[in-house]
Amino acid sequence: MGVQGFFLAKAGLLAALLLGTAQAQRITVEFWHSMGGVLGEATEALVKEFNASQSRVQVKAQYVGSYDDGINKLLAALRAGRGFPHVIQVYDIGARIMADSEAVVPLEDLARKNGFDLDHLLPQPRNYYTVDGKLFGLPFNSSNPILYFNMAAFQEAGVPFKPTWSLKDLEEAARKLTKKDAQGRTVRYGLSIPIDSWFVEQISYNSGEYFCNNENGRRARATAVAFDNPAAVAFLDTYARLVREGVAANTGRNWADSQSLFAQGQAAIASYSTASLTGVLRQVGNRFPVRTAYYPYLKERNGVAIGGAALYVLKGFSEAETQGAWEFVRFLLEPRTQAKWHLATGYFPVVKGVTELPEVRQAHVRQPNYTTAIQQLATSKVNNASAGCLMGAFPEIRQYVQAAWEEILKGKPAQEALKEAKAKADAALERYNRSVAGR
């Protein structure tokens, strides 16, 4: 081998060794999420961008099914003591469960250790995921419920648009917007809302009511539910009455069925998450103009709680891996990252200053519906009602509320149905609290 060949071979060997060392030093962070469809595409795009932005941390994202599927898979892995990820997305109602699990590195600890000022976060998302005075999760995909309007139907029926609606206003508008054929069959419903406990929770919060005791579990641990409050009763009785009269649709628990009805012009008003906005606009296409408004209240508007989910960093990994997980979370808190997420999905930004970015301002001019959830949040009162209910066994309790809604649609008075559901929910909450006693 000549001198030149020797040095080339040596240089190649050195490069291979350096590459191997770099690959060995690169940290892999496992990330479980529950974002499918349009939301899944946006999630994977952020992961890909983070991985390309640096060479130290490689995030491997895995879709683990619905929110229920994700938390159940995590709890099973924690019981087994293996197989859990570095970072997981858990829905809003899992906040108490995650804090009680003792498996989470509180986000507040990571932020303070790394010099991140938590005052950059909006107060409502920070308030929601603060448990016993400490912020546990990053409010990643935060949403709130909004009303969706078919403005062609509004114009046809002579119903004026307004941004805020009481339950009574909504009922009156729905009646005017309903169309029936000569045989009295409904061809366009005035209103369509899926059977989901979230909408009962939000009418409670927005009316200044609690969904669980001890001020939504914020003053002390929740020991009983409060979903038989006047706002929830009025909402469910009203909706059942409108269904019986052919004014409101009963599409069951499947949001997709309700969204299809709205997109086809067969429902003039609907209520979904702001996270549904991009998908709904795609479904509607050019059939009719869509406008959005704030979620209704019973008598006086208080403010909605955030929905969606948070990201949690789990214990049980090396300091380097935990730091890598934080770097991924920190990337997601960047204003420009938040801007991309907001515009790709409809979820609102959770850090300050995002709405002032030029790309966001321009997008809001082109599509004003993206501002509705942000404005609704900004004008909501920050108190323990709008903070949302913090309690264990929430996933199970939601099932009791939804079953009660179904009984109400069959003719049972809301007060009676919710009283029966409350007994089951209180028992579930008591079992949960016993299971974590002493932690």
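This is a predicted model: local features need pLDDT of at least 70, side-chain atom pairs count only at pLDDT 80 or more; totals for chains, interfaces and linings use all residues.
Student: How do H11 and H18 lie to each other: roughly parallel, roughly perpendicular or oblique?

Tutor: Happy to start there. Helix H11 covers residues 230–244 and helix H18 covers residues 394–409, and they pack at an angle of about 45°, with their axes 9 Å apart. Angles under 35 degrees count as roughly parallel and those from 65 to 115 as roughly perpendicular. The two helices, H11 and H18, are therefore oblique.

Student: What is the handedness of the crossing, left-handed or right-handed?

Tutor: This concerns the way H11 passes H18. The crossing is right-handed.

Student: Which residues in H18 are met by H11, and how do the residues of the contact divide?

Tutor: From H11 come Phe235, Leu236, Asp237, Tyr239, Ala240, Val243 and Arg244, and they meet Trp405, Ile408 and Leu409 in H18. Sorted by kind, the residues of this contact of H11 with H18 are 8 nonpolar, no polar and 2 charged. So the names you asked for in H18 are Trp405, Ile408 and Leu409.

Student: Is Thr372 buried or exposed, and which residues does Thr372 touch?

Tutor: Thr372 lies in helix H17, which runs over residues 372–378. Its relative accessibility is 6%, and since buried means under 20%, Thr372 counts as buried. Leaving aside residues up to four places away in sequence, Thr372 touches Ile146, Thr292, Ala293 and Tyr294.

Student: What is the phi of Asp132, and is Asp132 buried or exposed?

Tutor: Asp132 sits in the loop between strand S5 (130–131) and strand S6 (134–135). Although Asp132 is not a glycine, its phi is positive, at about 55°. Its relative accessible area is 67%, and exposed means over 50%, so Asp132 is exposed.

Student: And Ala393: where does Ala393 lie, and is Ala393 buried or exposed?

Tutor: Ala393 is found in the loop between H17 and H18. Ala393 is a residue other than glycine with a positive phi, near 60°. With a relative accessible area of 10%, Ala393 falls under the 20% cut-off, so the answer is buried.

Notes:
Residues are numbered from 1 along each chain as its sequence is written. Side-chain values use heavy atoms; hydrogens and water are left out. Axes are lines fitted to C-alpha atoms, for helices over the stretch in contact, and angles run from 0 to 180 degrees between N-to-C directions. Helices (H or I, at least four residues) and strands (E, at least two) are DSSP runs, numbered from the N terminus. Angles under 35 degrees count as roughly parallel, over 145 as roughly antiparallel, 65 to 115 as roughly perpendicular and the rest as oblique. A crossing is left-handed if the near helix is turned anticlockwise from the far one by less than a right angle, and right-handed if clockwise. Contact means heavy atoms within 4.5 Å. Buried means under 20% relative accessible area, exposed over 50%, partly exposed in between (1.4 Å probe, protein chains only).
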